[in-house]
Amino acid sequence: MVCVLSGDLYLGAAAVGDHTLREALDRVPDLLAIDLNAVELFTADGLNLLLSLRDSAHAAGVPLVLVSPSRGVRQVLEMTGAAGSFTVDDSIEEAIAQHGH
């Protein structure tokens with residue numbers, strides 16, 4: 001399953017993203033790929049959303065992959081040391097080839 005997030009991920013917007021991503025995770029897909037290429041503003045709230053989702057996906061046995069994070073997302077992941085907490089692929093095709101069933 002592929003979810004595409006775009007625009008700004010901050011306190012108010014993160015709640016909408018959280019609801020959508022949790023609905024996707026509830027379907028227990030073989031793979032949950034989150035396309036972050038079009039995310040412009042990415043704050044700690046967006047990072048906390050992804051960290052929480054990563055934990056939930058792990059508990060459900062669903063591989064979680066971040067796909068093509070924008071420069072802003074990559075900067076936050078690297079500055080906070082969270083980059084190593086996620087599997088990151090450059091494209092949806094790469095994510096499916098490496099992690100899909």
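This report describes the sheet, the helices packed on it and selected loop residues of a predicted model.

Residues are numbered from 1 along each chain as its sequence is written. Because the model is predicted, local features need pLDDT of at least 70 and side-chain atom pairs count only at pLDDT 80 or more, while totals for chains, interfaces and linings use all residues; side-chain values use heavy atoms, with hydrogens and water left out.

**The sheet**

Four strands form an open sheet in the order E1-E2-E3-E4, with parallel pairing. Strands (E, at least two residues) and helices (H or I, at least four) are DSSP runs numbered from the N terminus, and two strands pair if DSSP finds at least two bridges between them. Strand E1 (2–9) and strand E4 (87–89) are at the edges with a single partner strand each, so one side of each has no neighbour in the sheet. On average, neighbouring strands of this sheet are turned by 30° against each other, direction ignored.

Strand E2 (residues 32–42) and E3 pair in the parallel sense over four bridges, and Asp35 stands opposite Val67 in E3. E3 and E4 run parallel and are joined by three bridges; Thr87 in E4 is the bridge partner of Val65.

In a regular strand the side chains alternate between the two faces of the sheet. In strand E3 (residues 64–67), Leu64 and Leu66 point one way and Val65 and Val67 the other way, and all are buried. Buried means under 20% relative accessible area, exposed over 50%, and partly exposed in between (1.4 Å probe, protein chains only).

**The helices**

H1 lies across E1 and E2 and runs at about 175° to E1. H2 packs on the sheet and touches E1, E2 and E3, its direction making about 170° with that of E2. Axes are lines fitted to C-alpha atoms, for helices over the stretch in contact, and angles run from 0 to 180 degrees between N-to-C directions.

Helix H1 (residues 11–26) and helix H2 (residues 44–60) pack at an angle of about 15°, with their axes 9 Å apart. H1 and H2 are therefore roughly parallel to each other, a term for angles under 35 degrees. Their crossing is right-handed, which is to say that the near helix is turned clockwise from the far one by less than a right angle.

Where H1 meets H2, the H1 residues are Leu11, Ala14, Gly17, Asp18, Leu21, Arg22 and Leu25, and those of H2 are Asp45, Leu49, Ser52, Leu53, Ser56 and Ala57. The residues of this contact divide into seven nonpolar, three polar and three charged. Ala, Val, Leu, Ile, Met, Phe, Trp, Tyr, Cys and Pro count as nonpolar, Asp, Glu, Lys and Arg as charged, and the others, Gly among them, as polar.

**Loop residues**

| Residue | Loop | Relative accessible area |
|---|---|---|
| Thr43 | between E2 and H2 | 22% |
| Ser85 | between helix H3 (71–80) and E4 | 32% |

Leaving aside neighbours within four places in sequence, Thr43 is in contact (heavy atoms within 4.5 Å) with Leu9, Tyr10 and Leu11. The C-alpha atoms of Thr43 and Asp18 are separated by 14 Å. Ser85 touches Leu51 and Arg54, not counting residues up to four places away in sequence.

Most residues other than glycine have a negative phi. Val28, in the loop between H1 and E2, has a positive phi near 50°. Ser68, in the loop between E3 and H3, has a positive phi of about 45°.

Conventions
Angles under 35 degrees count as roughly parallel, over 145 as roughly antiparallel, 65 to 115 as roughly perpendicular and the rest as oblique.
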